[in-house]
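Subject: Structure handover

Hello,

Here is the structure you are taking over. Please have a look at it before reading on.

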Amino acid sequence: MSRPPRDRWGLALIAAAAALLPLAVLAAFFYAPRELSMGDVQRIFYFHVPSAWVGFFGFFVTFLASIAYLVRGERRWDIIAASSAEVGLTFITAAVVTGSLWARPVWGTYWTWEPRLTISAVQLLVYVAYVMLRSAADNPAQTARFSAVYGIVAFVTVPLSWFAIRWWRTIHPDVLTGGDSSGLEPRMVQTLMFCLLTFTVLYFAILRQRVRLEAARDRLAALRESEDLDLG
């Protein structure tokens, strides 16, 4: 079996993420001004929001790839759907953890069952179940079809989470599109945008490597099957 060519795009994404991450940390802690009411703990905001954004985006990619798989039936779409769900779940978990760390000094508790956080908990469990489903089934083709349907339906948790703080009265602030955004100084907005860019590049870097890993597993499985046929 020939060796796969070097992944130049993947290496470029890794290099870009490695260069951007330290700059994002420096911007969050030194460039962005100190928030007047919450103090330095507010700097978690620059990691919490990008983590949530990338998690939502990862689930959106899973949603689109799942539709593409059902329409075209191509393995590559199934790989992208599964890989993006795993990466998105990682970032959503980071969003929940950073949100809890931020909530403790601001709200006085790590967690409260208000609408946005309740939906976030449900969303986390829904995509954990998605990942478990993909690893537990025995029939790959049947698993891919069922997972595609699941990935489409599960995406409903994303708009529910996004609009929760706009539809219901909640203590969770709307800092991006609501009135709370007026409290962000220009350097805060610039830092947030830079961190969003950094986390998005990181998402694509991890996703590409995850997709390549799954493709390598397929090649290995095909090679073993070929060897078994030759021996038989």
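Below is what was found in it, starting with the whole chain.

This is a predicted model, so please keep its limits in mind: local features need pLDDT of at least 70, side-chain atom pairs count only at pLDDT 80 or more, and totals for chains, interfaces and linings use all residues. Residues are numbered from 1 along each chain as its sequence is written, and side-chain values use heavy atoms, with hydrogens and water left out.

Overall fold. The protein chain has 7 helices and 0 strands. Helices are DSSP runs of H or I with at least four residues, strands are runs of E with at least two, and numbering starts at the N terminus. Of its 232 residues, 41% count as buried. Buried means under 20% relative accessible area, exposed means over 50%, and partly exposed lies in between (1.4 Å probe, protein chains only).

Helix α5. This helix covers residues 140–154. Its 15 residues should span 21 Å at 1.5 Å a residue, and its end C-alpha atoms are 20 Å apart, which agrees. The expected span is 1.5 Å times one less than the number of residues. T143, A144, S147, A148, G151 and A154 are buried. Seen down the axis, the buried residues of α5 fall within an arc of 135°, so they line one face of the helix. That arc is taken from the directions from the helix axis to the C-beta atoms. F146 and V153 are exposed, on the other side of α5.

Helix α4. Here 22 residues should span 32 Å at 1.5 Å a residue. The end C-alpha atoms are 31 Å apart, which agrees. Its buried residues include L117, I119, Y127 and Y130.

W102. This residue is in helix α3. W102 is buried, with a relative accessible area of 13%. Its C-alpha atom is separated by 6.4 Å from that of I44, 58 residues apart along the chain.

Second largest pocket. A pocket is an open set of points on a 1 Å grid over the protein atoms alone, where a 1.4 Å probe fits, with protein on both sides within 12 Å along at least five of seven lines; lining residues have an atom within 4 Å of a point. This pocket holds about 400 Å³ of space. Of the 17 residues that line it, R75, D78, R134, P140 and E214 are the closest to its centre. Helix α3 gives the largest share of the lining, 5 residues.

Best wishes

Terms used
Points joined across faces, edges and corners; volume = space filled by probe spheres on them.
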